[in-house]
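Please open the model in your viewer with the cartoon shown and residue selection ready.

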Amino acid sequence: YRPDWGGISEEDIVSALNSGKILIPQMEVVPTAVVANPDTPPELEIRFDMDPPIPDFDDLSTPLPDNWCIRFVHNQLFKYFEFPSRFCPGPFHSTILRKADFRSPAHKEAYFAKCDAAIKKWRLGGPKPLNNGGWDVDGKPLEETSEYNSGLWLFLDRDNITHFFKPNFLPPYDDPKKRKIILDFLSEEWDEHDLIWKPVAPSLKKKYAELESPVEEKKVELV
């Protein structure tokens, strides 16, 4: 890590997540697709996109989109940290295979058909907690557990988890104050090409610009 090259240190990330300034909801997700990315040869990615891509900003009783919690945390972190190389390519996927190749177009079609069938089954069950048993980074039970244990993890690689951060922004999320906080952060999307914030719908920019910043003042009373 070189501060003069931009970026951010592990210590700064851990400090921010432990500070309570980043609202961590109960992380419940569901895969939305398996796709081949544009690389040649491609990588195969399992997607966790927010669906529908635009929440209902008018009817607060409408359920939140699947996987809203990922973008909610992502947008908070991008607003909290500002540095020259702020970039997170494809934040809503996990690579499951690199340099994919198929014996024939028919084999490729059959493979993705099976993937689509598996995704449909997963989606029927709806979003699920990433951690439903209260497990720590080493696989042992957490010393203190609650009904909501699915938070955030930091890892060096797939085999080395280094930190776990419990949820501090707990359900239910249909409370009007909590819903406004969530929708405030979901009203914008980070453009990874232009490296700027853009409203998910142009008409929302003015509507949600007047909302006060939710992180500092409201986190204690809503947890």
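Select the three strands that form an open sheet in the order E2-E3-E4, with antiparallel pairing; strands are DSSP runs of type E with at least two residues, helices are runs of H or I with at least four, and both are numbered from the N terminus, while two strands pair if DSSP finds at least two bridges between them. Strand E2 (33-36) and strand E4 (93-97) stand at the edges, and because each has a single partner strand, one side of each is left without a neighbour in the sheet. From one strand to the next, the twist averages 30°. This is a predicted model, in which local features need pLDDT of at least 70 and side-chain atom pairs count only at pLDDT 80 or more, whereas totals for chains, interfaces and linings use all residues. Residues are numbered from 1 along each chain as its sequence is written, and side-chain values use heavy atoms, with hydrogens and water left out.

Next, zoom in on E2 and strand E3 (residues 44-47), which pair in the antiparallel sense over four bridges; Ala33 has Arg47 in E3 as its bridge partner.

Finally, show the whole protein chain, which has six helices and nine strands.

Note on methods
Axes are lines fitted to C-alpha atoms, for helices over the stretch in contact, and angles run from 0 to 180 degrees between N-to-C directions.
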